[in-house]
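Trainee: Could you go through this one with me before I write up my notes?

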Amino acid sequence: MSGRHAAIAGLGLTEVGKVYGRTAADFADEAVRLAVTDAGLKLRDVDGLLINAGKSPGLDLGLAKRLGLRDLTLLSQVQSFGASAGIMVAQAATAVLSGAATTVVCVFADAPLRENARSGDAYLSSSLAATGFRSAETAGGFTSVNHRYAVAAARYMAHYGVTDDHLGAVAVGQRQWAAHNPAAQFRKPLTLEDYHRSRWVVEPLHLFDCCLVSNGGAAVVVTTAERAAALPRPPVHVWGWGQAHPGYVMERGSDFGLVTGAAASGAAAMKMAGITPSDVDVREIYDCYTYTVLVTLEDYGFCAKGEAGELAASGALAPGGALPTNTGGGQLSGFYLWGMTPLVEAVQQVRGQAGEGRQVPRHDVALVSGNGGVLDHHATLVLGAGHAS
């Protein structure tokens, strides 16, 4: 990528996990303030705010007033589900490069967990409330996103010969990373035997194939690279970005489950950044399920189609491996703040501030993945420690 570019200058992460008694707006408020302080700025320096609300109500444009922000030149809500974080950063980068704004905060927050309620209930309501043709799926037993991802995973596994052991290797490797992440919800070691003993959620998905549900919030501050260079934190340069919204048809001949939006959005982001997969030091992949890690790595070109399972089983993605991936434990073992989970970890890695046992030796280039809906929306970011060559 040549010429001027944007940079992430601040990062804010609230307490995450089973944190009760706070609303999504509470978490968003705190995350924004933490990010602005981390950047060495004041709220009065912010002239842009992009908001991604999760499942719980109450987080909307009113956040700007709650924070006391005035005279904003950019204020909007973004909703492409798990792809939203990458899309917000891309929109913020475009704004600061065009001069439409100078300092844009991108924030996500959610509080779907309730005390004494099952985590899975937080994502059950949307399927049960389906109307029209979609309600036929619910009547047929597709009562959650787990069912729909199970279909995708089963097709992928059957087509490429991927096994339970391959999916389990992803879960085990990410738990090894999470052991070194103080913010991770699950840090207890996980073995492949533990994985196989865990209950089915929806075959072929075990419990440890599925992401966590978390309460919390995260935010980043995006500004120009020139301004970021004068601020206290090491700038994380935004080298490239891309989106893809495949619009799969659920009928014969569809690529659903076999190819994701990562193929198109990744190619666009890496072309903008002027890199290839071999230039990437650390991969932060949207891991709502172990399956999405494998198919996304393949679609980005880190290996051939159908080979990511063997790659995971070899230990390449885990600590000490050749392709460090989801180094904070991801959404399977770390925490689940939609697309902010991979973005937060990428910023910490590129800064060189991920901490002992987790910081990868080479961290100049990070690739960040976002995936929303049931493979419906995809976003990719390429982040770098310096100016792109």
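Mentor: What follows is a short talk about salt bridges, aromatic rings, one serine, one glycine and a record annotation. This is a predicted model, in which local features need pLDDT of at least 70 and side-chain atom pairs count only at pLDDT 80 or more, whereas totals for chains, interfaces and linings use all residues. Residues are numbered from 1 along each chain as its sequence is written, and side-chain values use heavy atoms, with hydrogens and water left out.

Trainee: OK, salt bridges to begin with. How many are there by the rule?

Mentor: The count comes to 11 salt bridges, where the rule asks for a side-chain nitrogen of Lys or Arg within 4 Å of a carboxyl oxygen of Asp or Glu.

Trainee: Which residue does Arg22 pair with?

Mentor: Arg22 forms a salt bridge with Glu30, and their closest N and O atoms are 2.8 Å apart. Arg22 is partly exposed because its relative accessible area is 27%, and Glu30 is also partly exposed, at 27%; the classes are buried for under 20% relative accessible area, exposed for over 50%, and partly exposed in between, with a 1.4 Å probe and protein chains only.

Trainee: And where does Arg22 lie?

Mentor: Arg22 lies in the loop between strand S1 (6-13) and H1; helices (H or I, at least four residues) and strands (E, at least two) are DSSP runs, numbered from the N terminus. Leaving aside neighbours within four places in sequence, Arg22 is in contact with Phe27, Glu30 and Ala111, contact meaning heavy atoms within 4.5 Å. Arg22 and Ala111 are 89 residues apart in sequence, yet their C-alpha atoms are 7.3 Å apart in space.

Trainee: What about Arg66, which side chain does that one meet?

Mentor: Arg66 meets the side chain of Asp26 in a salt bridge, at 2.8 Å from N to O. That pair links distant parts of the chain, with Arg66 in helix H2 (residues 62-67) and Asp26 in helix H1 (residues 24-38), 40 residues apart. Arg66 counts as partly exposed at 40% relative accessibility, and Asp26 is partly exposed as well, with a relative accessible area of 22%. Asp26 and Arg66 also belong to a network of salt bridges that links them with Asp29 and Arg33.

Trainee: Now Arg362 and Asp281: how far apart are their closest N and O atoms?

Mentor: The closest N and O atoms of the Arg362 and Asp281 salt bridge are 2.8 Å apart. This pair too links distant parts of the chain, 81 residues apart: Arg362 is in the loop between helix H14 (340-351) and strand S10 (365-372), while Asp281 is in the loop between H10 and strand S9 (282-284).

Trainee: Is Asp281 buried or exposed?

Mentor: Asp281 counts as buried, because its relative accessibility is 6%, whereas Arg362 counts as exposed at 56%.

Trainee: Switching to rings, how many aromatic pairs does the search find?

Mentor: A search of the whole structure finds seven aromatic pairs. Rings of Phe, Tyr and Trp (its six-membered ring) pair if their centres lie within 6.5 Å, and planes under 30 degrees apart count as stacked, over 60 as edge-to-face and the rest as tilted. The rings of Tyr300 and Phe302 have centres 6.3 Å apart and planes at 85 degrees, so that pair is edge-to-face.

Trainee: Are Tyr300 and Phe302 buried or exposed, and what sits over the ring of Phe302?

Mentor: Both Tyr300 and Phe302 are buried. The charged end of Arg283 sits over the ring of Phe302, 5.0 Å from its centre, the criterion being NZ of Lys or CZ of Arg within 6 Å of the ring centre and within 35 degrees of the ring normal. Elsewhere, Phe81, Phe108 and Trp338 form one aromatic cluster.

Trainee: Next, where is Ser214?

Mentor: Ser214 is in the loop between strand S6 (205-206) and strand S7 (216-224), and counts as buried at 2% relative accessibility.

Trainee: Which side chain makes a polar contact with that of Ser214?

Mentor: The side chain of Gln185 does, at 2.4 Å. A polar contact is a pair of N or O atoms within 3.5 Å; within protein, one must be able to donate a hydrogen and the other to accept it, and residues adjacent in sequence count only if both atoms are side-chain atoms. The backbone nitrogen of Tyr336 lies 2.8 Å from a polar atom of the Ser214 side chain.

Trainee: And Gly247, buried or exposed?

Mentor: Gly247 is exposed, because its relative accessible area is 55%, and its place is in the loop between strand S8 (236-244) and helix H10 (262-273).
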